[in-house]
Amino acid sequence: MAELDLRDTNARVDLVNSTLLRVGLDLDGSLESLGDSMTDLADALAAAGGCTLVRFRTRTPATVGDVAIATRAWWSPWWRRGMGRSIDRLLPPVDVVHVAGVATPPTRYVPEIVSVDDLRALREESRTSQRSAQLRRVVARGAVVVASSQVARDEVLRNLRVARDRVVVVPPAVPNVDPTVDGDALVVNVTGAVEHFLRLAPALTSLGGRLGCRVIALTSSSASQRIRANGIDVDLRPRREARQVLALARVVLHVSDGARFPSFAIAALEAEVPTIARSTPINRELLNGAAELAESDGDVIELIDDLWSNEPRRSLARAAGRVRAGDFAPSSAATAYLNLYGDVVRGWGS
């Protein structure tokens with residue numbers, strides 16, 4: 001299989017044998033705080049009309065429109081290790097199976113695609129090697145792993161030590177959000193970089209006091225506990241409130257360890273909120289030219305201060321954000337995945 005980079009959403013969607021591909025899509029996949037990205041992808045695929053979808057779930061009970069797997073509860077623990085009953089023997093006829101969560105059930109008769117949007121498990125090999133072993137097992141059976149960026153792809157390849165053509169790039173679907181109107185808060189999205197946030201926090205709260213604004217930190221529950229324990233005076237919000245918090249933002253600061261795809265930062269661009277992030281490899285790849293990238297913590301504070309009141313700069317940021325966010329819309333992800341499904345099915349068994 002030739003090396004692929006399928007982010008070009010203008011590429012032609014090829015069909016196999018001039019018929020619609022039958023795609024088995026696991027909805028228990030990558031879940032985002034802004035919504036369910038796999039359901040968004042499924043809906044966009046259905047709207048595109050380039051395939052016939054068979055929706056199923058590997059970890060939770062079926063809902064309306066899903067194919068119910070009667071033995072799901074029995075096989076689910078095995079699927080977390082890439083073992084157990086072949087999923088294509090439990091589904092209606094499909095040409096390809098696409099999963100994106102912790103379950104990677106084997107397939108016997110059709111190819112499998114495994115999207116990996118979160119690299120945390122691959123970075124925790126000192127504690128467990130289950131995720132790496134699981135992914136190596138499915139690749140050995142012919143599966144294709146999908147990384148969310150070129151930077152993530154390089155990390156997956158270093159960790160799994162598999163052939164380069166077994167790992168491709170397709171960004172996940174970022175849920176659509178409404179433009180933010182009259183936001184008045186500095187929103188800090190903290191994903192796996194609590195130490196970095198704690199270093200920045202005194203300067204952020206001082207700046208918030210000078211600007212007369214709230215500083216809202218969107219974090220996990222464990223990160224919130226650490227922030228409280230350090231006595232940081234910010235408004236802490238859980239990730240499930242991501243949409244509500246984004247609607248309050250005048251400026252967004254994205255603080256991340258780079259293990260996860262920056263969906264919230266991209267959603268902020270779509271919401272026309274000026275966004276700042278550190279100049280890291282993944283942020284340069286995905287956000288450069290749309291978000292402001294800072295080389296240092298001092299640059300972060302200066303950029304927030306300027307973007308808060310510099311209306312010409314804010315207008316440019318809003319326009320650039322809208323354009324960049326379109327690259328990651330569910331419809332763009334659907335087109336890229338339709339191309340990948342066709343390529344993988346054509347290459348199966350060759």
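Just after helix α4, arginine 161 takes a positive phi of about 55°; helices here are DSSP runs of H or I with at least four residues, strands are runs of E with at least two, and both are numbered from the N terminus. The model is a predicted one, so local features need pLDDT of at least 70 and side-chain atom pairs count only at pLDDT 80 or more, while totals for chains, interfaces and linings use all residues. Residue numbers start from 1 along each chain as its sequence is written, and side-chain values use heavy atoms, with hydrogens and water left out.

Helix α4 itself covers residues 150-160, and its buried residues are Ala152, Arg153, Glu155, Val156, Leu157, Asn159 and Leu160. Buried stands for under 20% relative accessible area, exposed for over 50%, and partly exposed for anything in between (1.4 Å probe, protein chains only). These buried residues of α4 pack against α3, β7 and β8, where contact is taken as heavy atoms within 4.5 Å.

Strands β7 and β8 belong to an open sheet of six strands, in the order β4-β1-β5-β6-β7-β8, with parallel pairing. The twist from one strand to the next averages 25°; axes are lines fitted to C-alpha atoms, for helices over the stretch in contact, and angles run from 0 to 180 degrees between N-to-C directions. Helix α1 (residues 37-48) packs on this sheet and touches β1 (21-26), β4 and β5 (96-99), with its direction at about 155° to that of β4. Helix α3 (residues 130-140), for its part, lies across β6 and β7 and runs at about 150° to β6. Those two strands, β6 (residues 112-116) and β7 (residues 144-147), run parallel and are joined by four bridges; DSSP has to find at least two bridges for a pair of strands to count. Within that pairing, isoleucine 113 stands opposite valine 144 of β7.

A further open sheet, also with parallel pairing, has six strands in the order β11-β10-β9-β12-β13-β14. Here the edge strands are β11 (235-238) and β14 (292-294), and each pairs on one side only. Direction ignored, neighbouring strands of this sheet are turned by 25° against each other on average. Strand β9 (residues 185-191) runs parallel to β12 (residues 249-256), and seven bridges join them. Valine 188 stands opposite leucine 253 in β12.

Histidine 196 lies in helix α5 (residues 194-211). Its relative accessible area is 12%, so histidine 196 counts as buried. Setting aside neighbours within four places in sequence, histidine 196 is in contact with Val255, Arg278 and Asp297.

As for the aromatic rings, a search of the whole structure turns up three aromatic pairs. Tryptophan 74 and tryptophan 75 make an edge-to-face pair, 6.3 Å centre to centre with 80° between the planes. The rule takes rings of Phe, Tyr and Trp (its six-membered ring) with centres within 6.5 Å, calling planes under 30 degrees apart stacked, over 60 edge-to-face and the rest tilted. Tryptophan 74 counts as exposed because its relative accessibility is 60%. Arginines also sit over tryptophan faces: arginine 81 over tryptophan 78, at 5.1 Å from the ring centre, and arginine 250 over tryptophan 308, at 5.6 Å. That label needs NZ of Lys or CZ of Arg within 6 Å of the ring centre and within 35 degrees of the ring normal.
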